[in-house]
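The entries follow the order in which I looked.

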Amino acid sequence: MSDRTKNRINAAFENELSTAPVPAGLRALSIRDAVAATPRRAVQPQLLVVIATIVVIAVVATFVIGSHVLRSTPLPAKPIGSTVPPVPRTDAAVAYDQAHGSMVVFGGNAQNGRPATNETWTWDGKFWTQHHPAASPTPRLNAVMAYDAVDHDVVLFGGVENVVSSGKGGMTTVDDTWTWDGSQWRQLHPVHYPVLGFDFPATMQFDPVSRTVLLFGFTQSHTEAMTDIEAQTWLWNGSDWTQMHPSGGPTTSGVMVSDGEGLMMLAPTKAPIAGRNWTQLWAWDGSSWTVVHDKLDLPFVGGYMDAAYDPTLRQLVVIGGEVRMADTWTWDGSSWSRQHPAVQPFSPGYMAYVPSLKRVVSWGDRYLPDDNEMFAWDGTNWSVIQPGTVVSSGATNKGVITTRMTPEQAASLVRSTVKNTHPALLPVSLPSSGGPWDAFVQVTADDFNITYESDMRDETITICICVANPPPATGPNAQVTRVKFRKAVGLKYSPDGYAEHGVYDMSAPASQRYLQWNEPGSMTNPMSGGSMVPYYVSSTGLTEQEFWQVANSLQ
Amino acid sequence: MSHAIGQAAADREADFDALVGPLIEPAFKLAVVFLRDPHEAEDAVQEATLKAWRGIDRLRDESAVRSWFLSIVANQCRSMRRSRWWSVLRTDVVRVPAVEPAPDTRLDLTREMSRLPATDRAALFLFFYLDLPLAEVARVLKISPQAAKSRVHRAITRLRLEMVEVAE
């Protein structure tokens, strides 16, 4: 194991935990209250009698009422739908079943740490229906599903399932193939099939050109470092899988989407390009993957995203970004636009185009089991077309980002909140090229952290009172220098008046760069020793000149 | 008689403290990592301690008390995260844990770690900070060892740190 990595992570935790010391007396208080509050004892015999009585009454009532219902009312031919959605779930497989006009949701995990489910749900644009098919794929996570427009069924492949061996729980990948005909699952037994690892989730879509279902995934890692995984592309022709051997292609997990005329895949870059990370759009030409336009990449929106194509609006709709900090992006075939909806799902959900609504919808949250609302996109705004049942996200703006802070609001919030530390430095000048800027703030009485994001998210500036721990700028084009800056307090590695300035790629004008120094001042937080304030400024997408424009405007 | 009862209560408290007391500090830190709010973390630890006391009969192996207790704390944290109403961006609250910096600024590890999903942060904390073996990380988080390994790797990858060899 790399001690350096471990040390850096532990230092980061130490930094975080230094602001939250263990409360004095917590141990004694917790132990005493627990022991005093509820003496341990066996269940009271009287209570058992009461419970047994209730159970007997319930059983008798069930038989009486049930037999009456069976005599008087035939069982419904199909499950009855409801406007109440399934409980939130992550890692489910979702596809739109065009033959039956419904979104199919299979499997997933309704709660972290709980076993996966094999529930099958459909949503017809209004009603949710839970199905109880005679046969079903086993409970699993991260299976992939796609509608097969040739066979008019939904294909499901693979995933990760829970196993119990020798009394111990574990997970194992599966490589079975199933189809859903609208009411039943049927397992197929192809001669060939992919053997994937699912450490990195796969993605699958119908390819309208080859009229086959295309699967993109990664092989199982056999090393601890997972450096031996291999991207694979497979075709499903309705009866068997065929491995393709394209040259090139994404090297990270992506999201595949069809515009009805071809297949595309969104995937983050594995390493920075020109000092920055991006989300690339790839196209499948039947035999290979190519980047659609390497000068028009979507800014890096994090590993969390989903997408669907809207044939009515003729645009690809993407929800991407960090969990609970998503943006909506659209691709019109030639350029990306960040949309500015008044209402925004706070995380990427399961997305699909629903022809009956003529809308792209996003259900729930793919990454946190916190939300089961249904949103619809009208080209300008998201709206909640079916409320969820989960109340975790708030009463008035449940699951929705309704406001973003302006730099002025952020400054006002910081000035009014940081009371224990002086000075609280903020930039008075942001580059005009990136505006309007949004500001995201974390602030306490002791410190703050603001990140300004340009409208297209291609320029970011972060300033914080923090002891930063930036990745070392050690690449061939990296440069770390000491620069005269303000009246910085000297430390053992730098003399008075100097700050540390790092640039990750000197050959890239808009490379990531940073500046850190200790400002003369006072703070009660012990990490500074009280007589100085640790500051850190970083940027992405700014030139050296723009960076210093910001740094020199701090006051 | 009352003295005997009082003595018995004191003995129970001492026994329970000997078993769980040393874990209160790591439990609190785990709760801070999960909830990112020291006040909520304090509540979580107290509630988890109560649940541990109530369920202590189910602890078969005292040598497994660490993962048993930390798993109760982790459960409590998840429960509190699900129930709190402010997990969306709001400008009228001062501390906004969900408001975090830009996706492609990878310069402040502390900040980057704060952007990880809570369970991934917890996996890193348990594995690196508390030095728990992966099997125990898995028991605490109630996931498989493979999933624990994946979470650690995924978090490392997202932090853009070098790949590490993760010992089982």
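Which residues does A:A116 touch, not counting residues up to four places away in sequence? I noted first that the model is a predicted one, and then listed the contacts of A:A116 as A:G107, A:G108, A:N109, A:P139, A:R140, A:L141, A:E161 and A:N162. A:A116 sits in the loop between strand 2 (102-106) and strand 3 (120-123) of chain A.

Next I looked at backbone geometry in loops. The peptide bond from A:H422 to A:P423 is cis, with omega near -5°, and A:P423 belongs to the loop between strand 28 (421-422) and strand 29 (438-443) of chain A. A:R314 is not a glycine, yet its phi is positive, near 55°; I found A:R314 in the loop between strand 18 (305-310) and strand 19 (315-322) of chain A, where A:R314 is exposed, with 12 other C-beta atoms within 10 Å. In chain B, B:D131 has a positive phi of about 60° although it is not a glycine, and B:D131 is exposed, with 10 other C-beta atoms within 10 Å.

Helix 6 (residues 118-129) and helix 7 (residues 134-141) of chain B pack at an angle of about 140°, with their axes 10 Å apart, which makes helix 6 of chain B oblique to helix 7 of chain B. I recorded their crossing as right-handed. B:T119, B:A122, B:A123, B:L126 and B:F127 of helix 6 meet B:L134, B:V137, B:V140 and B:L141 of helix 7, and the residues of this contact divide into 8 nonpolar, 1 polar and no charged.

I then turned to helix 2 (residues 24-35) of chain B, whose axis comes within 8 Å of that of helix 6 of chain B and crosses it at roughly 150°. On the helix 2 side the contact is made by B:L30, B:V33 and B:F34, and on the helix 6 side by B:A118, B:R121, B:A122 and B:F125, with 6 nonpolar, no polar and 1 charged residues.

Last, I checked the length of helix 3 (residues 38-54) of chain B: at 1.5 Å a residue its 17 residues should span 24 Å, and its end C-alpha atoms are 24 Å apart, which agrees. Its buried residues include B:A41, B:V45, B:L50 and B:W53.

How values were computed: Residues are numbered from 1 along each chain as its sequence is written. Chains are lettered from A and ligands numbered from 1 in the order in which they are written. This is a predicted model: local features need pLDDT of at least 70, side-chain atom pairs count only at pLDDT 80 or more; totals for chains, interfaces and linings use all residues. Helices (H or I, at least four residues) and strands (E, at least two) are DSSP runs, numbered from the N terminus. The expected span of a helix is 1.5 Å times one less than its number of residues. A residue is buried if 20 or more other C-beta atoms lie within 10 Å of its own, exposed if 12 or fewer, and partly exposed in between; C-beta atoms are placed from the backbone. Axes are lines fitted to C-alpha atoms, for helices over the stretch in contact, and angles run from 0 to 180 degrees between N-to-C directions. Angles under 35 degrees count as roughly parallel, over 145 as roughly antiparallel, 65 to 115 as roughly perpendicular and the rest as oblique. A crossing is left-handed if the near helix is turned anticlockwise from the far one by less than a right angle, and right-handed if clockwise. Two residues are in contact if their C-beta atoms, placed from the backbone, lie within 7 Å. Ala, Val, Leu, Ile, Met, Phe, Trp, Tyr, Cys and Pro count as nonpolar, Asp, Glu, Lys and Arg as charged, and the others, Gly among them, as polar.
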